[in-house]
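Hi,

Here is the structure we talked about. Have a look, and my notes on it follow below.

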Amino acid sequence: MSHPTIDAPETGIGAGLSVVAEPVDARTAEGIAAAQYGIAGTATWLAGEKDSNFRLDAGAGTAYFLKILSPGEDPAVSRLHSNALIHVARTAPDLPLPRIVPTRAGEPDLRIAVAPEDCRTVRLTTFTPGRSQAAGPRTDGQRRAAGALLARLQGTLEGFTDPAADHVSSWDLRHAGRLRAVLDVFPEGGQRDRLAGILDAFAARIVPALPDLPHQVVHNDLGGDNILVDPDDPDRITGVIDFGDMVRTARMFDVAIAAAYQLGLDADPLGPALAFLRGYAAVARLSEAEVALLPTAIRTRMALRLLIPEWRARRFPERRDYLTRNSAGVWGQFRHLDALAPAAIDAAIAQACRP
């Protein structure tokens, strides 16, 4: 099976992240909901990295999530995300994911001009209740539940295909080598050298192994902002949201990304991630080759969490605080990991991945 190019000399920042679209206002969002979905409601702005997102309250306790995507996103990629949600709803209806609300014409999403020469994709889904994992206390039970849920979601998506599944995403670890072109966004030599070293390790250890690793469509961004929990029972996951980074890539990357987000901020950053990996392993098992590459893949995702936001912050300085809000924490995690022997990290991860 062939896979897309995994390295290229050009800047690895795609069109979806290279622009900042003019936000769509709440009144326009309400008009779209009424005209295209036949739903009258009150729109409330929700923060997002690049899209205009709204909670749409339609009365009687009914709420929807209206997403008006960045004009930089390919409509075919938007349809991939919609089709994946439809697939999961059909094949695993018990998974707590948003459900597509079709347009009046029966389509899962639509293209609409929100202004002259500004055409965007619109998607409406059910509103997923819960508090983001990032916004409240975290527990090992919660982390294990998140790991188990990711394993189940991967199992459901394993047979899913779509014409746009192999699109090039800036957040797909297969393309991490492209980000060498933006290393200079960190002028301080120590930071730049650290990130360059991680990309070197990725090229040496993971790139040669990629053709033999299992590939499938994955969520690709299971972080604390995208995991919703029950505020009254924090160990219970109420939903997984934001499929905007979905792509077909190495299955192991999906696990590494989620584990990287679960790393703690104190002197034991690895412990919380191990709880997540144990939850995953209780449902699904990675191959020995995948497990051996997890530590490098986790560090690579951490590097991307620094490189891409910093590049965007330099391009859009008015949004620096929002874009780089997690960067200090990631640098701190690197410092804490440096205090641990690499062999001990590898062994701990391998042990957590055994069912």
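How many cavities of 30 Å³ or more does the count come to? The count comes to one. Before the details, a word on the ground rules: this is a predicted model, where local features need pLDDT of at least 70 and side-chain atom pairs count only at pLDDT 80 or more, while totals for chains, interfaces and linings use all residues. Residues are numbered from 1 along each chain as its sequence is written, and side-chain values use heavy atoms, with hydrogens and water left out.

Back to the cavity. On a 1 Å grid over the protein atoms alone, a cavity is a set of points where a 1.4 Å probe fits but cannot get out, and lining residues have an atom within 4 Å of a point. Points are joined across faces, edges and corners, and the volume is the space filled by probe spheres set on them. The largest cavity holds about 50 Å³ of space. Its lining is made up of L263, L270, P295, I298, R299, L337, I345 and I349. Two elements, α8 (288-315) and α11 (342-352), each give two or more residues to that lining, and α8 gives the most, with three. (Helices are DSSP runs of H or I, at least four residues, numbered from the N terminus.) By type, the lining has seven nonpolar residues, no polar ones and one charged; Leu, Ile and Pro count as nonpolar and Arg as charged.

Now the rings. There are four aromatic pairs, meaning Phe, Tyr or Trp rings (the six-membered one for Trp) with centres within 6.5 Å; planes under 30 degrees apart are stacked, over 60 edge-to-face, and the rest tilted. One of them is F186 with W331: the centres are 5.7 Å apart and the planes at 85°, so this pair is edge-to-face. F186 sits in the loop between α4 (140-157) and α5 (189-206) and W331 in helix α10 (residues 327-338), so the pair ties together parts 145 residues apart in sequence. Both F186 and W331 are buried, that is, under 20% relative accessible area with a 1.4 Å probe, protein chains only.

F202 and F253 have ring centres 6.2 Å apart and planes at 35°, so they count as tilted. Both are buried as well. Ring pairs also link F186, W331 and F334 into a cluster.

Lastly, two arginines sit over rings (CZ within 6 Å of the ring centre and within 35 degrees of the ring normal): R55 over F127 at 4.5 Å from the centre, and R325 over Y322 at 4.0 Å.

Cheers

Notes:
Buried means under 20% relative accessible area, exposed over 50%, partly exposed in between (1.4 Å probe, protein chains only). On a 1 Å grid over the protein atoms alone, a cavity is a set of points where a 1.4 Å probe fits but cannot get out, and a pocket is an open set with protein on both sides within 12 Å along at least five of seven lines; lining residues have an atom within 4 Å of a point.
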